[in-house]
Amino acid sequence: MLRFGPSDAPCVVAALPLFEEGNRTRAAMIDVLRRLAAHGFAAALPDLPGAGESLMETADAMLQGWRAAFAAACTQITGPVHICAWRSGVLIDGEVAAASRWYLSPQSGEALVHELARLRHLSGGADVAGNILSDELLASLAGAQPTTAGKLRVVRLDSDTKPADRKLPGRPLWRGSEPETDAAFQKAVAEDIAAWITGFCG
């Protein structure tokens, strides 16, 4: 688990989008976490089984396993945990007793599975961007929804017509053909998260 900032400060734990979108946004998320550390927060990015540096094959990954692993990572944090989840990352933090949640362009499991099916069809193969996904995983994802309990802030891009607590200018980094970053957008995200947490934590 990557960690930044002082260990005794409120901690922002990040959940990347699942699958290829996570690869495209990892560098941008890490930059946001480093910026949060510069604001005086602790920040962490766990790896999920079957993703990142994990040795597990994606074909063996399960949604419940991801949720359990993410929750276990959060138990290693001393003090309040604040979630920062992007896109389908919002589907894995539901077992965490978080002080707050900050979601960027949250995606339902149904929408994710529809997107995966589209990508699989376009590739003409059984995999999705090189990932073999089990029917059990896809079935559990199809019924998954973001957590809405507790303190929640939803932020979207200003090009998104869906309702949000705030909209920020920027481009959808998760749609790029290669991993990208956007310093201005990442700065705005970090500042919004910092202001959100400070607003009720003091």
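In which helix does Thr 25 lie? Thr 25 lies in helix α1, where a helix is a DSSP run of H or I with at least four residues, a strand is a run of E with at least two, and both are numbered from the N terminus. This is a predicted model, in which local features need pLDDT of at least 70 and side-chain atom pairs count only at pLDDT 80 or more, while totals for chains, interfaces and linings use all residues. Residues are numbered from 1 along each chain as its sequence is written, and side-chain values use heavy atoms, with hydrogens and water left out.

**The chain as a whole**

The protein chain contains 5 helices and 7 strands. Read from the N terminus, the order of elements is β-β-α-β-α-β-β-α-α-β-β-α. The radius of gyration is 16 Å, close to the 17 Å that the globule rule gives for 202 residues, so the chain is as compact as a globular protein of that length. That radius is taken over C-alpha atoms, and the rule is 2.2 Å times the number of residues to the power 0.38. The C-alpha trace spans about 50 × 35 × 30 Å along its principal axes.

Of the 202 residues, 48% count as buried. Buried means under 20% relative accessible area, exposed means over 50%, and partly exposed is in between, with a 1.4 Å probe and protein chains only. The accessible surface comes to about 9400 Å², and carbon and sulfur atoms hold 53% of this surface. These areas come from the Shrake-Rupley method with a 1.4 Å probe, and for residues only the protein chains shown count as cover.

A contact means heavy atoms within 4.5 Å. Among contacts with a separation of 6 or more, 67% join residues 24 or more positions apart.

The chain carries 19 positive and 23 negative side chains, and the centres of the two sets lie 7 Å apart. Lys and Arg count as positive and Asp and Glu as negative, with His and the chain ends not counted. Each charge is placed at NZ of Lys, CZ of Arg, CG of Asp or CD of Glu.

**The nonpolar cores**

In soluble globular proteins, nonpolar side chains tend to be buried together. A nonpolar core here is a set of buried Ala, Val, Leu, Ile, Met, Phe, Trp, Tyr and Cys residues joined through side-chain atoms within 4.5 Å. The largest such core has 33 residues, and those with the most contacts inside it are Val 13, Phe 19, Trp 66, Phe 70, Ile 83 and Leu 141. At least two residues of this core come from each of β2 (11–15), β3 (42–45), α2 (63–75), β4 (81–86), α3 (109–123) and α4 (135–142). Helix α2 gives the most to this core, with 5 residues. Apart from this core lies another, of 31 residues, which includes Ala 37, Phe 41, Val 155 and Ile 197.

Ile 83 belongs to the largest core.

**Residues in helices α1 and α5**

Helix α1 covers residues 20–38 and holds Val 32. Ile 30 lies in helix α1 as well. Ala 194 is found in helix α5, residues 183–201.

| Residue | Relative accessible area |
|---|---|
| Thr 25 | 0% |
| Ile 30 | 13% |
| Val 32 | 0% |
| Ala 194 | 7% |

Thr 25 is in contact with Leu 16, Pro 17, Trp 86, Leu 173 and Trp 174. Val 32 is in contact with Trp 86, Gln 186, Val 189, Ala 190 and Ile 193. Ile 30 touches Leu 2, Phe 4 and Leu 45. Ala 194 is in contact with Leu 36, His 39 and Phe 41. The C-alpha atoms of Ala 194 and Leu 36 are separated by 6.8 Å, although the two residues are 158 residues apart along the chain.

**Two residues with positive phi**

Most residues other than glycine have a negative phi. Arg 87 has a phi near 50°, a positive value, and sits in the loop between β4 and β5 (100–104). Arg 87 is buried, with a relative accessible area of 9%. Ser 105 has a positive phi of about 45° and is found in the loop between β5 and α3. Ser 105 is buried too, at 4%.

Notes:
Lists of a residue's contacts leave out its neighbours within four places in sequence.
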